[in-house]
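Hi everyone, thanks for making time for this. I'd like to walk you through one model and a few of its side-chain and helix contacts. Here it is on the screen.

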Amino acid sequence: ISDPYVWIAHPLVGQAVLAHRLGWAAVRGEGIVTWREAFALLQIEVEEKIGTINRQRIAEFNAAQDAASAGLRAVAEAAGE
């Protein structure tokens, strides 16, 4: 998270990212994980798995559309010459 305002507005997000890498004990000390902390970690897990797949599919779809548009543009330009 590069925007410091995100850390201010949503501190649990930053803590969850750190805890995902380092463990909650390193972030806020020993103790059981709260419901909010667990939910934040689960959101990170989902984003890393499903979010990555969805973004990849969208990028592939956009690339296919760009290629189709470029092909149509080339045909139109060739017809106009």
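Let me begin with a term: a salt bridge here is a side-chain nitrogen of Lys or Arg within 4 Å of a carboxyl oxygen of Asp or Glu. Before I use it, please keep in mind that this is a predicted model, where local features need pLDDT of at least 70, side-chain atom pairs count only at pLDDT 80 or more, and totals for chains, interfaces and linings use all residues. Residues are numbered from 1 along each chain as its sequence is written, and side-chain values use heavy atoms, with hydrogens and water left out.

Take Arg 55 and Glu 47, whose closest N and O atoms are 2.3 Å apart. Arg 55 is partly exposed at 46% relative accessibility, and Glu 47 is partly exposed too, at 38%. For those words, buried means under 20% relative accessible area, exposed means over 50%, and partly exposed is in between, using a 1.4 Å probe and protein chains only.

Another salt bridge joins Arg 28 to Glu 37, at 2.8 Å between the closest N and O atoms. Is Glu 37 buried or exposed? Glu 37 is buried, at 8%, while Arg 28 is partly exposed at 31%.

Then there is Glu 48 with Arg 21, at 3.5 Å from N to O. Glu 48 sits in helix H4 and Arg 21 in helix H2, so this pair ties together parts that are 27 residues apart in sequence. (Helices are DSSP runs of H or I with at least four residues, numbered from the N terminus.)

Now to those two helices. The axes of H2, residues 11-22, and H4 come within 9 Å and cross at roughly 70°; axes are lines fitted to C-alpha atoms over the stretch in contact, with angles from 0 to 180 degrees between N-to-C directions. That makes H2 roughly perpendicular to H4, a label for angles of 65 to 115 degrees.

Last, the rings. The whole structure has 1 aromatic pair: Trp 35 and Phe 39, tilted, 5.9 Å centre to centre with 35° between the planes. Pairing needs ring centres of Phe, Tyr or Trp (its six-membered ring) within 6.5 Å; planes under 30 degrees apart are stacked, over 60 edge-to-face, and the rest tilted. Trp 35 is exposed at 65%, and Phe 39 is partly exposed at 41%.

Key
Angles under 35 degrees count as roughly parallel, over 145 as roughly antiparallel, 65 to 115 as roughly perpendicular and the rest as oblique.
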